[in-house]
Amino acid sequence: MVENVNNRILVAYASRYGSTKEIAEAIGRTLEEQGYAVDCMNVMDVSEVSPYAAVVAGSPIYMGKWLVEAVDFIKMFRMDLMKRPLAVFAVGYSMKEESDMIRRSARASMAEVLIYVNPQAEGLFAGKFVTEGMSEADLQVMKMAGAVPGDARNWSVINGWARALPAILFTVTE
Ligand SMILES: Cc1cc2nc3c(=O)[nH]c(=O)nc-3n(C[C@H](O)[C@H](O)[C@H](O)COP(=O)(O)O)c2cc1C
């Protein structure tokens with residue numbers, strides 16, 4: 001258990017269809033199991049990050065980029081985010097296949113964000129594509145990309161990443 005210190009962690013996510021929200025919630029639960037007090041919320045609902053000992057921020061990848069509200073969150077709070085441990089993660093359906101090229105292009109989705117902050121940890125996770133509830137425009141993009149619907153989220157990879165986070169985020173390196 002973590003006691004007598006600020007043990008609050010913010011897990012902030014953007015999500016259009018909910019799959020990244022569920023990943024953020026799983027990360028939050030894993031951190032809670034390790035004794036941290038977690039607030040898990042949409043980036044658009046975050047009004048301050050200064051009460052937190054560390055922040056985990058994530059977005060799904062759309063057309064090669066983080067969602068704009070997630071980038072805006074990083075930009076808006078960059079000063080506070082530079083002062084505390086930060087982990088970032090990106091969720092993309094392309095990540096259901098493993099290759100260096102896919103990982104490189106998924107990581108490139110964070111390029112815009114990495115201009116502003118210097119995270120201690122980065123996660124790249126496979127996402128989910130279900131046609132139900134999806135906008136016609138988004139469906140067309142996925143159809144043109146030849147994507148086959150499915151849920152590629154790997155919970156043991158996600159939870160394993162989250163379990164390793166405290167040691168990375170709260171280890172003093174100097
Ligand atoms: C219009 C559209 C564009 C997408 N672009 C990418 C992409 O460039 N790279 C990728 O890996 N996944 C891409 N995806 C897949 C999403 O990142 C994936 O489905 C993710 O789990 C969605 O997260 P959400 O449910 O939180 O919105 C795209 C999906 C849609 C609908």
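1. The ligand is surrounded by 23 residues, of which Thr20, Pro60, Gly92, Ser94 and Gly127 are the closest; a residue is near the ligand if its C-beta atom, placed from the backbone, lies within 6 Å of it. By class, this shell holds 12 nonpolar, 8 polar and 3 charged residues (Ala, Val, Leu, Ile, Met, Phe, Trp, Tyr, Cys and Pro count as nonpolar, Asp, Glu, Lys and Arg as charged, and the others, Gly among them, as polar). Helix 1, strand 3, strand 5, strand 7 (128–129) and helix 6 (136–144) each supply at least two residues of the shell.

2. The model is predicted: local features need pLDDT of at least 70, side-chain atom pairs count only at pLDDT 80 or more, and totals for chains, interfaces and linings use all residues. Residues are numbered from 1 along each chain as its sequence is written.

3. The protein chain has 7 helices and 8 strands, defined as DSSP runs numbered from the N terminus (helices H or I, at least four residues; strands E, at least two). Its radius of gyration is 16 Å, which agrees with the value near 16 Å of a compact globule of 174 residues (taken over C-alpha atoms; the globule rule is 2.2 Å times the number of residues to the power 0.38). The C-alpha trace spans about 50 × 30 × 30 Å along its principal axes.

4. Of the 174 residues, 36% count as buried, that is, 20 or more other C-beta atoms lie within 10 Å of their own; 12 or fewer make a residue exposed, and values in between partly exposed. The largest nonpolar core has 46 residues, with Ile9, Val11 and Val55 making the most contacts inside it; such a core is a set of buried Ala, Val, Leu, Ile, Met, Phe, Trp, Tyr and Cys residues joined through C-beta atoms within 7 Å. Its largest share, 6 residues, comes from strand 5.

5. Val55 touches Leu10, Ala12, Val49, Leu81, Arg84 and Leu86, leaving aside residues up to four places away in sequence; contact requires C-beta atoms, placed from the backbone, within 7 Å.

6. In helix 2, Ala70, Val71, Phe73 and Ile74 are buried. Seen down the helix axis, the buried residues of helix 2 fall within an arc of 155 degrees, so they line one face (the arc is that of the directions from the axis to the C-beta atoms). Their cover includes strand 1, strand 3, strand 4 (65–66), helix 3 (78–82) and helix 5 (111–114).

7. Met63, in the loop between strand 3 and strand 4, has a positive phi of about 50 degrees although it is not a glycine. With 6 C-beta neighbours inside 10 Å, Met63 counts as exposed.

Key. Two residues are in contact if their C-beta atoms, placed from the backbone, lie within 7 Å.
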